[in-house]
Amino acid sequence: MSWYSILPPLIAILIVFWRKEVIMALLVAVASSEFLLALQGNGNTLFNTFINTIERVVSVASSPGNSRILIFSILIGALLAYIRESGGVAATVNVLMNKGVAKSKRQVGYLTMFSGIAVFIESNLSVLTAGILSRGLFDKFKMSRARLAYIIDSTSAPVCILILLNGWGAYILGLLGNYELSESAVSVLWGSIGYNFYAIITLLIVFYTISFDKVHGPLKKAEEQVEYQKTELQEEVTGTKARYMLVPLLTLIGSMVGFMYWSGNGDIASGSGSKSVLYATILACVVAYLLMVSSRQFTHHKLVDIGFKGMGELLPLVAIVLLSLTLGASLKDLGTGTFVAGLVGDYLPIYLVVPVLFVTGAVISFTTGTSWGTFAILIPIGVPLIQALGLPPSLVIAAILGGGVFGDHCSPISDTSAVSAIASGCDLLTHVKTQMPYALFAGGLTFVAYLVTSIIVL
C-alpha cells in the first residue's frame, strides 16, 4: 500500500480543525479517497469519483448493520423528545434530588459514571443510558454537556473492553480464534485486562474529575460558558411524573439485554449489538408514546409532531455517522489501515514492539474512526509477532485493544464520538476538542507504562 492512502483522513482532520465543519470534511475525505481508488483503476477519475462517492454512501447505508445504526440514531431523537416534552426529565431530576441521590455535582458525576459502568453489555447502550439519565441533572447543576459527553464516552468503551462479557469480547475472541497460541483465546483475552493500561488510566482520570470536581483545558472553558447555554430545563417544560422518563429508560435497558440474549441464541456475549439496540430503542419509543397518550395530555397527532421534531434535531449528527461509516469503508479498500500498520517495521528493538503497537493502533483508529476495524487490522499483525518473538500474548493484545480505544477517543470522524454527542446533547466538535487533552494525557501515561512493562518483562 502507498503513502498516499493516509491523505484522505488527514484531509478530513485538517478541514475539521480549519473550518470547524465536520460534514464538509467527511465529504471531501470520502471524495478524495474515491478519487485515489479511481486513479488506481486508470479510469475517468473525475467522473468515477463523483459516481463512486454516491455509490459508496448507498452501499454503506444499504448494509443491514449500518442501517440499524442509522435508524437507531434517528429514533433516539424521538425518544429524547418524548421524555423531555412529557416533563419526565424535569420530574426525574426533582425526584433524584429529593431522594438525596443527586444533591451535588460530585453525586451527579458518580451517578453518571456508575450507570455507564453498570450497562457494560454494549457501548452504545452504556452511553445512551448514562447520557439520557444525566442530561437534566447536569443542566440543574450548571455543568456543561461537554463534561457529560466526556464522562460517558470515556467510561463506556474502557468498561466494555475491561468487562468482556459482551459483544466486544465475542468479537475479539472471534479474531483470536483463527490462530494457534500457547494459551487459549479466552485465557489470552482475560489476561489482557490487567495490561489494558489505557482503559484503566482513563477510568481513573474520569473518577478524579468527578471526585475533585476539577476540569482542565478546553473543558474548563466549556464549563465557564455553560451559564450562557440554553438547556432542557430552561425550555419551560414543567415536571410531571418521573415514570415518563424512567419507564422508557428501563425498557431500553431491559429489552436490550433481552434482545442480546435472544439474538445470541441464549448467549448474551454472542448477541448482535446493532439489532438489539435498534429493537430496544423502538420498544422504548412505543412505551413512551403509550404513556403519554394514556395521560390524556397528548394526542396522537401531537406526539407524531414531537417525534419528528426530535428526529429532525439529530439529522446533522446522523449524517456525520453515515459519512464516518462511508469514509471507513472507503479507507478499507484504499488500504489506509494496512499501510499504517506496516510502519511498525521488522527491525524494532523487542522492548519497543508493544509500545509501538499501542501507538499504531491509536493512529489507525484516529485516522479511520473505528476501534473495531483497528482490532481487525492489528490482531493479524500482532499474533505473528507473538509467535515469532515469544512476546506475552496478553500484553500484546492489550496494547492493540487500548490503542484502538485511545485513537477512537481522539478522532473527530469516529461514529462513537458522534453517538456520545447525541446522547449528551453536545456539539460534536466541542466534545472532541474537550475530550482530546484527557485522552492524550492517558495515552502518554499508557505508552510509558507499556515501555516500562516491556523492559521488565522482556
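Select residues 145–162, which form helix H8. Helices here are DSSP runs of H or I with at least four residues, numbered from the N terminus. The expected span of a helix is 1.5 Å times one less than its number of residues. The 18 residues of H8 should therefore span 26 Å, and the end C-alpha atoms are 26 Å apart, which agrees. H8 is mostly covered, with 18 of its 18 residues buried. Buried means under 20% relative accessible area, exposed means over 50%, and partly exposed lies in between, with a 1.4 Å probe and protein chains only.

This is a predicted model: local features need pLDDT of at least 70, side-chain atom pairs count only at pLDDT 80 or more, and totals for chains, interfaces and linings use all residues. Residues are numbered from 1 along each chain as its sequence is written, and side-chain values use heavy atoms, with hydrogens and water left out.

**Salt bridges**

Glu 223 lies in helix H12 (residues 218–224) and Arg 147 in H8, so the pair ties together parts that are 76 residues apart in sequence. Arg 147 is buried at a relative accessible area of 5%, and Glu 223 is buried at 12%. A salt bridge is a side-chain nitrogen of Lys or Arg within 4 Å of a carboxyl oxygen of Asp or Glu. Side chains of opposite charge can pair when their charged atoms come close.

How many salt bridges does this rule give? The count comes to seven.

Next, select Arg 56 and Glu 34, whose side chains meet in a salt bridge at 2.6 Å, N to O. Arg 56 lies in helix H3 (residues 45–62) and Glu 34 in helix H2 (residues 22–40), so this pair ties together parts that are 22 residues apart in sequence. Arg 56 has a relative accessible area of 16% and is buried; Glu 34 is buried too, with 3%.

Then select Arg 84 and Glu 313, a salt bridge with its closest N and O atoms 3.4 Å apart. Arg 84 lies in helix H4 (residues 64–85) and Glu 313 in helix H15, so the parts tied together are 229 residues apart in sequence.

**The core**

Select Phe 375 and Ile 379, the residues with the most contacts inside the largest nonpolar core, which has 134 residues. Helix H15 (residues 300–334) gives the most to this core, with 14 residues. A nonpolar core is a set of buried Ala, Val, Leu, Ile, Met, Phe, Trp, Tyr and Cys residues joined through side-chain atoms within 4.5 Å.

Show what surrounds Phe 375. Not counting residues up to four places away in sequence, Phe 375 touches Ile 161, Trp 168, Tyr 171, Ile 172, Leu 175, Pro 380, Ile 400, Leu 401 and Gly 404. Contact means heavy atoms within 4.5 Å.

Move to Ser 276, found in helix H14 (residues 273–294). Ser 276 counts as buried at 0% relative accessibility. With residues up to four places away in sequence again left out, Ser 276 touches Met 256, Phe 259, Met 260 and Ser 263.

**Helix H17 and the surface**

Select residues 350–368, helix H17: its 19 residues should span 27 Å, and the end C-alpha atoms are 27 Å apart, which agrees. Buried residues of H17 include Val 353, Pro 355, Phe 358 and Ile 364. Gly 369 follows H17 and has a positive phi, near 80°.

Now select Ile 350, Tyr 351, Leu 389, Val 448, Val 452, Ile 455, Ile 456, Val 457 and Leu 458, which make a nonpolar surface patch of about 780 Å². Patch residues have over 30% relative accessible area and no salt bridge, and nonpolar side chains (Val, Leu, Ile, Met, Phe, Trp, Tyr) are joined within 5 Å. H17 and helix H21 (428–457) each supply at least two residues of the patch, and the largest share, five residues, comes from H21. Ile 455 is found in H21 and counts as exposed at 53% relative accessibility.

For the last stop, select Ala 118, in helix H6 (residues 105–118). Ala 118 counts as exposed at 59% relative accessibility.

Methods
Patches are made of residues with over 30% relative accessible area and no salt bridge: like charges are joined within 9 Å, nonpolar side chains (Val, Leu, Ile, Met, Phe, Trp, Tyr) within 5 Å. Accessible areas come from the Shrake-Rupley method with a 1.4 Å probe; for residues, only the protein chains shown count as cover.
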